[in-house]
Amino acid sequence: MSYLDVIDTLQSVADGVLFGATYSLLGIGFTLVFGVMHKINLSYAAASIGAAYASLIVLSVVKAPAIFIFLLAGLAGGIIGFMIYVVCFRFIPQANPLATLMSTVGALLLIDEIIVHATVGIPVPYPALFSDVIVNAGPFTLRGDLMFMFALGCLSMLLLLVLLYRTKLGIATRAVAQQPVAAQLCGISIPRINGLTFVITGVVGGIAGAMIGAAIGVLSPLLSLPLTTKGLIVTVIGGLGSIPGAIIAGLLVGGFENLFQYFRGVTERDLYVMLLLFGFLVFRPGGIFSPAAGRD
Amino acid sequence: MLELKGLSKHFGGVRAVDGLDLRVPRGEVFGLIGPNGSGKSTVVNLVCGLFPVTAGEVLLRDEDITGLASHVRVARGVTRTFQNIRLFGQLSVWQNLWVAQNSTEHRSEGFLRRWLGGPGRAREEIDRILEFSDLSGKRDELAGNLAFGEQRRLELARAVVAKPALLLLDEPAAGMNAEEIDQLDARIRKLKQDGLTTLLIEHHMELVMAVTDRIAVLNFGQKIAEGTPDEVQTNPLVQQAYLGVAEAA
């Protein structure tokens with residue numbers, strides 16, 4: 001392997017890790033809902049893409065700087081998240097684990113269909129920020145748009161961690177996750193915390209959706225299924241219910257994916273991501289951080 | 001303070017609680033005893049709203065709370081401890097108490113201040129409860145890492161930090177040694193001095209007889225006796241059903 005090959009390999013891993021921030025955000029969304037409700041929201045990635053579309057629509061009506069698109073996507077994501085909670089969870093018996101799983105599959109298909117019909121299935125361009133900025137660091141080049149995305153992803157995660165670990169709302173959310181019966185007897189309304197969890201994860205997902213749109217430069221309904229798979233893989237590798245796990249696993253999957261895209265091409269890349277998941281399932285089925293005993 | 005009227009709870013064909021009438025006067029420590037499976041814990045679960053009732057009413061300060069969700073009852077002043085400890089194991093002792101501070105006076109603060117603000121004046125109250133529970137030195141430890149006796153004390157602390165009007169204690173002395181039971185006795189008396197009404201379910205008879213003002217005895221979901229500790233102890237029906245003395249003698 002020549003010097004240039006090594007540089008190129010490292011370069012592609014670095015790009016992948018930067019893009020992996022979006023996977024981290026999606027993984028956080030899946031894992032947070034799972035941690036609080038012990039339910040999987042399969043419509044999450046589709047809703048995130050839907051929120052990115054919604055932000056485009058709003059931005060086309062209101063003239064605002066492109067940077068607001070992330071804010072708008074987060075806002076739209078929060079609203080869509082709450083709608084998904086009301087439709088797919090609030091009135092569906094929680095005792096049957098398959099009921100909510102199927103209702104979220106329904107929401108996934110519904111969101112996809114709405115997008116396909118509204119755009120006639122044609123991908124739409126998404127504004128990329130700082131795509132003209134290229135930073136040269138020695139032999140490496142760092143893409144401005146990816147770095148901005150990574151920074152935004154880190155900021156979102158930091159804010160989320162502060163919310164969850166420093167505010168009473170976050171502590172109440174974690175209390176519900178750990179001990180729902182006792183939480184409601186401490187005066188915490190469980191439906192309200194569940195609804196808020198969907199709003200919060202929706203905001204995170206909306207930002208992730210906008211980041212993905214900005215990084216790729218287009219939005220397409222074809223994104224939602226692969227992203228659902230990636231989000232779930234990240235969640236499992238990180239450890240179901242673990243937020244630090246989702247963050248690390250997202251970056252890991254991003255880097256890994258680009259590494260194998262570099263060596264084996266885009267057609268084979270997801271095969272290796274699946275192999276990574278397989279390795280984890282066999283050798284470390286609890287994920288990177290298997291959460292300590294949560295609810296009993 | 002608390003009144004139960006014809007309270008019933010059936011699980012399938014089992015009548016766990018069957019037409020129970022009970023009055024717990026304000027400011028008293030009221031004992032509820034009975035053999036295993038007599039329906040005591042079910043009564044607590046009905047009063048705090050964990051299960052819906054099959055029939056009957058639960059009145060708090062003469063207001064019907066039968067249909068309210070349990071977190072709303074907390075806001076009305078009903079809190080409880082659990083027989084099998086249910087702490088938030090991954091939160092610190094301090095956070096366990098902070099998150100339970102949801103009394104009416106805190107509700108008036110407004111959503112953003114209450115949920116996104118810092119602890120504010122809650123801090124002093126929590127410090128006082130920590131001292132009361134002899135947990136001041138453990139405030140930053142995870143609740144899951146505490147010793148058993150400390151976890152029991154935190155259960156009680158978490159139930160009283162919201163300044164309830166009615167406290168439901170579901171076998172608070174289970175698994176405690178004699179010294180810990182003495183401390184629990186002192187804490188229940190101290191809370192009574194502060195005006196708290198307590199419904200105590202307990203198997204440890206010495207504690208029940210020492211600390212309660214009145215006692216009701218349940219058997220097969222029905223009340224078979226009620227009175228002062230002395231009256232209940234000498235009641236032949238109670239001895240027969242609960243203590244089994246009459247048959248043994």
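This is a predicted model: local features need pLDDT of at least 70, side-chain atom pairs count only at pLDDT 80 or more; totals for chains, interfaces and linings use all residues.
**Entry: helices α2 and α4 of chain A**

I looked up how helix α2 (residues 44–61) of chain A lies against helix α4 (residues 97–119) of chain A, and found that they pack at an angle of about 30 degrees, with their axes 9 Å apart. By the cut-off above, α2(A) and α4(A) are therefore roughly parallel to each other. I noted too that α2(A) passes α4(A) in a left-handed crossing. On the α2(A) side I listed A46(A), A47(A), G50(A) and Y53(A), which meet L108(A), I111(A), D112(A) and I115(A) of α4(A). Sorted by class, the residues of this contact of α2(A) with α4(A) are six nonpolar, one polar and one charged.

**Entry: helices α5 and α6 of chain A**

I turned next to helix α5 (residues 144–166) of chain A and helix α6 (residues 168–178) of chain A, whose axes come within 5 Å and cross at roughly 75 degrees. I therefore wrote α5(A) and α6(A) down as roughly perpendicular to each other. From α5(A) the contact takes L163(A), L164(A), Y165(A) and R166(A), and from α6(A) it takes L169(A), G170(A), T173(A) and R174(A). Here I recorded four nonpolar, two polar and two charged residues in the contact of α5(A) with α6(A).

**Entry: chain B against chain A**

Which residue numbers do the two chains bring to their contact, I asked, and how many come from each? I found 25 residues from chain B and 18 residues from chain A. On the side of chain B that touches chain A, α2(B) gives the most, with four residues. By class, I noted 14 nonpolar, seven polar and four charged residues on that side of chain B.

Notes:
Residues are numbered from 1 along each chain as its sequence is written. Chains are lettered from A and ligands numbered from 1 in the order in which they are written. Axes are lines fitted to C-alpha atoms, for helices over the stretch in contact, and angles run from 0 to 180 degrees between N-to-C directions. Helices (H or I, at least four residues) and strands (E, at least two) are DSSP runs, numbered from the N terminus. Angles under 35 degrees count as roughly parallel, over 145 as roughly antiparallel, 65 to 115 as roughly perpendicular and the rest as oblique. A crossing is left-handed if the near helix is turned anticlockwise from the far one by less than a right angle, and right-handed if clockwise. Two residues are in contact if their C-beta atoms, placed from the backbone, lie within 7 Å. Ala, Val, Leu, Ile, Met, Phe, Trp, Tyr, Cys and Pro count as nonpolar, Asp, Glu, Lys and Arg as charged, and the others, Gly among them, as polar.
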